[in-house]
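Open the model in your viewer and keep the selection tool at hand. The tour below goes stop by stop.

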Amino acid sequence: MARVIRTPVDYALLEALGRYRLLTIPQGVRLGLANEKHVAERLRSLRTAGLVLVTERGKLAGPHVFCLSKKGAAALEEWTEGDVKAPFRGQPFGDTEHLNQRVLIADWHIALRSWASREGMAVNWVRVEFDANPGELQALTVTMHNGQRFDPDAVASITDPDGTSWLIVLEAETGGRAGSLTNYFSRLESRLAAIEGHLLEKALNWPQTDNHRAARLLFVFKNPAMLEKAKMQAGKTPGLAWRRIFMASVPLDAETFDAGWWKTDSSQGSFLRPIGAP
């Protein structure tokens with residue numbers, strides 16, 4: 001391992017790939033690992049060594065996407081003396097429109113952890129839809145309860161400095177090249193039902209205590225235009241679930257991550273706030 005991993009940046013890149021499951025060069029820069037040139041250089045070296053896999057994309061499709069290989073996951077586990085058992089892939093991600101959604105999920109995950117670190121919050125765990133569910137032919141985020149199915153893009157548990165735990169659900173909406181809201185509207189009713197029925201909390205045995213809040217559903221759209229179209233229809237369907245739904249568009253960063261989430265009452269602010277009986 002020492003022959004192929006030569007710099008602290010190499011270790012940091014493997015750690016980031018283990019944590020976020022995929023990484024682009026701009027994301028590596030955003031994490032503060034190194035400048036763009038050095039991140040690109042070290043990822044090329046790790047790829048040559050067989051520790052990472054890459055999905056090469058044209059400039060119009062987006063930046064190249066890197067992920068851990070089996071060899072890379074083994075190297076990370078060896079380096080951490082078994083403390084980190086990172087997921088890996090047998091082949092690169094497919095170069096499809098869906099990959100843009102997965103990059104957006106990783107953007108959100110990076111912003112979440114950076115923001116939590118700034119605010120003194122603990123990130124207990126994060127699950128994303130491209131995590132495999134051991135022994136199951138479905139994503140790790142798929143939740144079943146009493147015959148109902150909920151399959152969000154990501155789920156996270158965080159605890160704030162006051163000791164309150166929050167369950168956060170992400171739905172990343174990229175809308176394909178045209179920025180269409182077809183997927184958003186076609187799945188909205190089932191998502192609202194899952195949130196209103198506390199499906200996720202029941203499936204996870206989420207404690208029903210004063211310091212455990214009901215799930216918040218965050219919609220993140222790839223651009224402001226998609227967000228504005230979604231806002232025009234938000235709240236028109238009945239249900240208490242809308243109290244726990246928040247919307248934003250990229251970019252997301254640590255400084256503004258919890259400041260501008262839009263609600264159906266047209267207010268903006270944090271999703272970590274009491275909203276009646278949660």
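**Salt bridges**

Start at Glu173, which is buried at 2% relative accessibility; buried means under 20% relative accessible area, exposed over 50%, partly exposed in between (1.4 Å probe, protein chains only). This is a predicted model: local features need pLDDT of at least 70, side-chain atom pairs count only at pLDDT 80 or more, and totals for chains, interfaces and linings use all residues. Residues are numbered from 1 along each chain as its sequence is written, and side-chain values use heavy atoms, with hydrogens and water left out.

Arg191 and Glu173 form a salt bridge, with the closest N and O atoms 2.8 Å apart. The term requires a side-chain nitrogen of Lys or Arg within 4 Å of a carboxyl oxygen of Asp or Glu. Arg191 lies in helix H6 and Glu173 in strand S7, so the pair ties together parts 18 residues apart in sequence. Helices (H or I, at least four residues) and strands (E, at least two) are DSSP runs, numbered from the N terminus. Arg191 is buried too, at 2% relative accessibility.

Next, select Glu201 and Arg244. Their salt bridge has its closest N and O atoms 3.6 Å apart. Glu201 sits in helix H7 (residues 199–203), while Arg244 is in the loop between helix H8 (224–233) and strand S9 (245–249), 43 residues apart. Glu201 is buried at 8% relative accessibility. Arg244 is buried at 2%.

Move to Arg30 and Asp107. Here the closest N and O atoms of the salt bridge are 2.7 Å apart. Arg30 belongs to helix H2 (residues 25–30) and Asp107 to helix H5, 77 residues apart. Is Arg30 buried, exposed or partly exposed? At 45% relative accessibility, Arg30 is partly exposed. The count of salt bridges comes to twelve.

Select Thr174. This residue is in the loop between strand S7 (165–173) and helix H6 (182–196). Thr174 is buried, with a relative accessible area of 9%. Show its contacts (heavy atoms within 4.5 Å). Leaving aside neighbours within four places in sequence, these are Asn100, Gln101, Leu104, Gly179, Lys222 and Met226.

**Helix H1**

Go to residues 8–20. Helix H1 has 13 residues and reaches 18 Å from its first C-alpha to its last, close to the 18 Å expected at 1.5 Å a residue. That expected span is 1.5 Å times one less than the number of residues. Colour the buried residues of H1, among them Val9, Leu13, Leu17 and Tyr20. What do the buried residues of H1 pack against? Their partners are helix H3 (36–48), strand S1 (52–55), strand S2 (65–68), helix H4 (70–79) and helix H5 (97–119). Just after H1, Arg21 takes a positive phi of about 75°.

**The nonpolar cores**

A nonpolar core is a set of buried Ala, Val, Leu, Ile, Met, Phe, Trp, Tyr and Cys residues joined through side-chain atoms within 4.5 Å. The largest has 35 residues. Select Trp108, Leu112, Trp115, Ile158, Phe257, Trp261 and Phe271, which touch the most other members. H5 gives the most to this core, with ten residues.

Centre on Trp261. Leaving aside neighbours within four places in sequence, Trp261 has contacts that include Leu218, Val220, Phe246, Ala248 and Phe271. Finish at a second, separate core of 26 residues, which includes Phe150, Ala215, Trp242 and Ile245.
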